[in-house]
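Here is a short report on one structure. Have the sequence and the 3D view at hand as you read.

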Amino acid sequence: MRQIDIFDTTLRDGEQSPGVALSPEEKLQIARQLAKLGVNVIEAGFPIASPGDFQAVKRIADEVRQVSICALARANTKDIERAWEAIAKGEDPRIHTFIATSPIHMQYKLQKSPEQVLEQAVAAVKLSKSKVSNIEFSAEDASRSDVDFLGRVFSAVIEAGATVLNIPDTVGYATPEEFAAFIKAIMERTKGVEKVKLSVHCHNDLGLAVANSLAAAQMGVHQLEGAINGIGERAGNAAVEELAMAIKTRRDQFQLETTINSKEISRTSKLVSRLTGMIVQPNKAIVGKNAFSHESGIHQDGVLKERSTYEIMSPDSIGADMDTIVLGKHSGRHAVRERLTELGLEIDESRLDEVFKEFKLLAERKKEVTTDDLFTLVDSQTNNGPQVTLEYLQVSSGTQIVPTSTLGLNYKDQRYEDAACGDGPVDAAYKAIDKILGIKHKLLHYALQAINEGEDSQGEVTVSVQFDGHTVGGRGVSPDIIESSVKAYLQAVNRAYERGWITFTL
Ligand SMILES: [Zn+2]
């Protein structure tokens, strides 16, 4: 059985999804989970893009082990120097440099001749080689490039020291058979191809990202790139969980294996969805909430008699069965700790104290505390201590009245209160906060989801807010959705304040 590498770009391409803004701590948390999932390479970010991106990549490289850490860089000196600075202390660090090779990109975007592009690619790989041996080169928009030219570029960068050659279908234009033939044609035209790994990076504009990736896998490529839940630019990337489960479930067909621990799939998917605010559609393959539900009587009857009648994979193979044990308000500290350990959430005593306190408060408000609730509690405890907190909240809204919100905030042990009207209760609450703190925001994205099944669920709100041109994300969880909305907004406010993007005039 041949092993194929999984290169995860959730934190780079995935983070480029519209409306997503992860903090460095959140990126680190996702990176740790990706390491547990067993991906071979984590593309941690694009260090030159901003100081925040740089910091996040550096922290991941410094702290996450047992997985190769990669940073993206355009084919120029500044980008490559910055990428290397971020990942130098990482495990098996990889510089990923790229330049577009399609006629349309070279002519309009780069305004360079093919010869200039080839020269720049070689120079970038040579510079990378002076720093590290693990170098990935991507020919952006490869699937719309001339195959003879691509063969020349690839042959030249192999000679310059590239060790992985990536063939992206940047705009999601390829179809499986055509893409497979294209890979074969590249192999035939690339001198030294046997010395390097080939990789593909497929986008999902026509819904073919996974199919194209698997077609390439059958042609013998060594690495598949993708993102958890298929997030990414526009329609997203190939979904890592779909690639992994297709390869595992249809081993007979692909004759391949990955190092993915499939039991971590469900947890990884939920974490990424929670932190990015990108909700997973219910009918999404593998990780959708309905992916293992059987609705029709005939199907249910079949599954009860023999699961394999309608199930090609079991829910527990992706770890979706973790939610069976629940805790309640009578559960003690010991029970909570035991459950956390079972879930692989190792936390120290002082953190446990905080989590247990929050657990008790939650159990008072909600009958059953589920696994997802516990994950959320631990997640929210990993954020830095907030400067502004909610003391109380009152809203009035209905069909014939103007929605109004009155709230009290605590800042440095002082209470500040005010009220405001709005288009709805959430808008009114946000306006009251702005009034109290003397700030102004633009709401870019708001998402609400229930974190578990049934009526007794907590509502989780994710927001992405802009303050004076800076985008920041926030997340809040509560059994009351207006309260979750306020908590999410306050988290964004506190983050913007920590970064010096806003000041308070109290
Ligand atoms: Zn991409």
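## Zinc site and N40

H203 is buried, at 4% relative accessible area (buried means under 20%, exposed over 50%, partly exposed in between, with a 1.4 Å probe and protein chains only). This is a predicted model: local features need pLDDT of at least 70, side-chain atom pairs count only at pLDDT 80 or more, and totals for chains, interfaces and linings use all residues. Residues are numbered from 1 along each chain as its sequence is written, and side-chain values use heavy atoms, leaving out hydrogens and water.

H203 coordinates the zinc ion through NE2, together with D13 (OD) and H201 (NE2), at 1.9 to 2.2 Å. Donors are N, O and S atoms within 2.8 Å of the metal (3.2 Å for Na, K and Ca); water is not among the atoms, so sites may look incomplete. In sequence, the donor residues follow the spacing D-x187-H-x1-H. D13 lies in the loop between β2 (5–8) and α1 (24–37), and H203 in the loop between β8 (197–202) and α8 (209–218), so the pair ties together parts 190 residues apart in sequence. Helices (H or I, at least four residues) and strands (E, at least two) are DSSP runs, numbered from the N terminus.

Now turn to N40. This residue sits in the loop between α1 and β3 (41–45). Its side chain has a polar atom 2.8 Å from the backbone nitrogen of I6.

| Residue | Relative accessibility |
|---|---|
| D13 | 3%, buried |
| N40 | 19%, buried |

A polar contact is a pair of N or O atoms within 3.5 Å; within protein, one must be able to donate a hydrogen and the other to accept it, and residues adjacent in sequence count only if both atoms are side-chain atoms.
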